[in-house]
Amino acid sequence: MTIKLYELLGHEDRRYSQFSWRAKMALKHKGLEFEQIPLLLTDKDSIAFANAKSVPVMVDGDVVKTDSWDIAVYLDETYADAPSLLGGSIGQGVTRVINSWCDRSVNIALGPLIARDVLDAAHPDDRDYFRESMEKMYKRTLEEVQEGRDDRVINLYRTMDPIRTSFRRGQDFICGDSAGYADYAVFSQFQWARITSPFQLLAKDDPVYAWRERMLDLQGGFARDTACYEVSGREN
């Protein structure tokens with residue numbers, strides 16, 4: 001039975017959920033076939049069976065998982081003969097730290113830079129809900145959140161320094177010689193931006209940019225082949 005993965009559908013078929021991208025890259029890493037099921041942000045009924053209010057939701061036979069981290073752990077345990085995502089118990093512990101750093105630092109530095117752009121990338125039927133919920137979280141309008149981003153993008157550059165240092169020392173991926181779930185977690189942030197915003201986050205001479213390009217080339221260019229923005233020079 002084919003695995004099913006529920007993800008967000010945006011404007012012009014933009015698949016913009018960063019957490020769904022973590023799950024999709026994890027499934028591709030394992031070499032597993034899966035069906036992508038797009039739904040609107042406001043369509044809670046389609047995933048009510050999982051007691052979930054957001055994506056990703058993964059269904060593998062009788063098993064339902066509703067969190068990208070839990071999906072990764074499940075895939076490593078269930079499909080242990082396929083390439084590991086987490087690298088055993090020690091690797092899982094280190095990856096959890098990277099996952100938390102991504103959610104609590106990278107996201108906080110990146111999100112406000114594209115907050116208003118994401119509204120345009122959302123499906124038209126979701127935009128009122130998106131604006132209301134995000135402005136409630138930020139306690140400002142999305143326009144105010146995104147204002148001055150040309151000066152604030154340096155904060156994202158500084159946030160990425162821990163992995164930039166490793167890349168400058170010859171390490172191709174966060175996990176070493178090959179990608180693992182730590183890479184997918186961080187990559188999901190840049191994929192989210194690439195899909196939703198034309199704003200230029202990374203300079204081409206930044207080692208993080210080169211890493212992102214390597215990530216886009218994985219699995220036959222699976223992540224590259226999606227509705228997105230691509231600009232010259234400094235790219236998102």
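1. Helix α7 spans residues 161-168, and its buried residues are Ile163, Arg164 and Phe167. They lie on the same side of α7, because they cover an arc of only 105° around the axis. Pro162 and Arg168, on the other side of α7, are exposed. The cover over the buried residues includes α3, α6 (149-159), α8 (181-196) and α9. Just after α7 comes Gly170, with a positive phi of about 95°. Note that this is a predicted model, and the points below should be read with that in mind.

2. The largest nonpolar core has 73 residues. Helix α3 (residues 88-121) supplies the largest share of this core, 11 residues. Which residues have the most contacts inside the core? They are Val186, Phe190, Leu201 and Trp211. As general background, nonpolar side chains in soluble globular proteins tend to be buried together.

3. Trp211 deserves a separate look. Leaving aside neighbours within four places in sequence, Trp211 is in contact with Phe167, Asp172, Phe173, Ile174, Asp183, Val186, Phe187 and Phe190. One of these, Phe167, is also among the buried residues of α7.

4. Strand β1 (residues 3-8) pairs with strand β2 (residues 34-39) in the parallel sense, over six bridges. Within this pairing, Ile3 stands opposite Phe34 in β2. Together with helix α1 (residues 18-29), β1 and β2 make a β-α-β unit, and the unit is right-handed.

5. Gln219 is found in helix α9, which covers residues 207-221. Gln219 and Lys28 are 191 residues apart along the chain, yet their C-alpha atoms are separated by 6.8 Å.

6. How many disulfides does the structure hold? The count is zero. For Cys102, the nearest cysteine sulfur is that of Cys175, 12 Å away. Cys102 is therefore in no disulfide, since a disulfide needs two cysteine sulfur atoms within 2.5 Å. Cys228 is in no disulfide either; its nearest cysteine sulfur, that of Cys102, is 19 Å away. Cys102 is buried, with a relative accessible area of 0%.

How values were computed: Residues numbered from 1 in each chain as written. Predicted model: local features only at pLDDT ≥ 70, side-chain atom pairs only at ≥ 80, totals over all residues. Heavy atoms only, no water. Core = buried A, V, L, I, M, F, W, Y, C linked by side-chain atoms within 4.5 Å. Buried < 20%, exposed > 50% of the residue type's maximum accessible area, 1.4 Å probe, protein only. Helix = DSSP H or I, 4+ residues; strand = E, 2+ residues; numbered from the N terminus. Contact = heavy atoms within 4.5 Å. Pairing = 2+ DSSP bridges. Right-handed = clockwise from strand over helix to strand, strands pointing away. Arc of directions from axis to C-beta.
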